[in-house]
Amino acid sequence: LGDVYKRQLYACTSSLPPAGIATVASLMYQTVGADCSPAAAFPVAIVHGTHDYRAYYDGYGFDAPVLPVPETVGLWAKKMGCNQTPGTVEMPDTAGDYTTISSFSFDGCAAGSTVLHFRVNWGGHTWPGETGPWGTGSGKLSRNLDTTREILAFFASVTPSG
C-alpha cells in the first residue's frame, strides 16, 4: 500500500481524523471506500489528470479494484456532508501546454469543511505546476495549475486560525 493510499485509509477509519487531506495522482481502493466512516468532517482536496496512465482517472489499470476519481470525489463529498452539486469553474490553457483545468468545489459541508477537486484535462501522472516532485516522464505536465500553491491556499481558507 503506497503512502497516499494509506492517508485515505487513515482518513476513512481513524478515531482521530486528520485536519485535512490532499491527494495528487492517487486512487482509492474500493474496499477503503466501502468501509469509509470518518470520525469527523475535514477538508479534502484531490488533484488528478485525466490521462494519468499510472493511476487511471476512470479507475482502470490497477491490480486491486479502485474507484474512479469522480466516484472518490463524490464519496468524500457525501462523507463530509456536502451539497452534492459542486460549483464548477473551467480554466483555459493559459500556459499553452494543451491542458486545461476543471475545478469542482462542494460546499455546505459539515463543520464548515469543503471538498475540492481539480481535474487536469489531458494531464498525466504528474504534479501540475512550474516545479514539483514529478515531471513529464509520466504523461503531460500541466503548467495551468500551481498544485502546491492551490493546496496551501485551500487549507488556509478552510482551517480556522488561532
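Throughout these legends, a contact means heavy atoms within 4.5 Å. The model is predicted, so local features need pLDDT of at least 70 and side-chain atom pairs count only at pLDDT 80 or more, while totals for chains, interfaces and linings use all residues. Residues are numbered from 1 along each chain as its sequence is written, and side-chain values use heavy atoms, with hydrogens and water left out.

**Overview. The protein has 4 helices and 5 strands.**
Helices (H or I, at least four residues) and strands (E, at least two) are DSSP runs, numbered from the N terminus. Their order from the N terminus is α-β-α-β-α-β-β-β-α. The chain has 162 residues, and 45% of them are buried. Buried means under 20% relative accessible area, exposed means over 50%, and partly exposed lies in between (1.4 Å probe, protein chains only). Among contacts with a separation of 6 or more, 54% join residues 24 or more positions apart.

**Close-up of Cys-12. A disulfide joins Cys-12 to Cys-36.**
A disulfide is a pair of cysteine sulfur atoms within 2.5 Å. Here the S to S distance is 2.2 Å. The torsion about the S-S bond is about -80 degrees, so this disulfide is left-handed. Cys-12 sits in helix α1, and Cys-36 sits in the loop between α2 (30–34) and β2. The two cysteines are 24 residues apart, and the pair links distant parts of the chain. Cys-12 is buried, at a relative accessible area of 0%. Cys-36 is buried too, at 3% relative accessibility. Setting aside neighbours within four places in sequence, Cys-12 contacts Met-28, Val-32, Asp-35, Cys-36, Ser-37, Pro-38 and Trp-76. Lys-79 lies 67 residues from Cys-12 along the chain, yet their C-alpha atoms are separated by 9.1 Å.

**Close-up of Cys-82 and Cys-109. These two cysteines form a disulfide.**
Their sulfur atoms are 1.9 Å apart. With 100 degrees about the S-S bond, this link is right-handed. Cys-82 lies in the loop between α3 and β3 (87–91). Cys-109 lies in the loop between β4 and β5 (115–121). The bond therefore ties together parts that are 27 residues apart in sequence. Cys-82 is buried at 7% relative accessibility, and Cys-109 is buried at 9%. The whole structure holds 2 disulfides. Counting bonded cysteines along the chain, their pattern is 1-2, 3-4.

**Close-up of the largest nonpolar core. This core has 26 residues.**
A nonpolar core is a set of buried Ala, Val, Leu, Ile, Met, Phe, Trp, Tyr and Cys residues joined through side-chain atoms within 4.5 Å. Val-44, Trp-76, Met-80 and Val-115 touch the most other members. At least two residues each come from α1 (3–13), β2 (44–49), α3 (69–79) and β4 (100–106). Helix α3 gives the most to this core, with 5 residues. A second, separate core has 13 residues, including Val-24, Ala-25, Ala-45 and Phe-154.

**Close-up of Val-115. Val-115 touches residues that include Val-44, Trp-76 and Met-80.**
Residues up to four places away in sequence are not counted here. Other partners of Val-115 include Val-73, Ala-77, Phe-104, Ser-105 and Phe-106. Cys-82 and Cys-109 are also among them; these are the cysteines of the right-handed link.

**Close-up of Thr-147. Thr-147 lies in helix α4 (residues 147–158).**
Thr-147 is buried, with a relative accessible area of 1%. Leaving out neighbours within four places in sequence, Thr-147 is in contact with Val-24, Val-47, Trp-127 and Pro-128. One of these contacts, Val-24, is also a member of the second core.

**Close-up of the salt bridge. Asp-146 pairs with Arg-149 in a salt bridge.**
A salt bridge is a side-chain nitrogen of Lys or Arg within 4 Å of a carboxyl oxygen of Asp or Glu. The closest N and O atoms of this pair are 3.6 Å apart. Asp-146 is partly exposed, at a relative accessible area of 30%. Arg-149 counts as exposed, at 59%. The structure holds 1 salt bridge.
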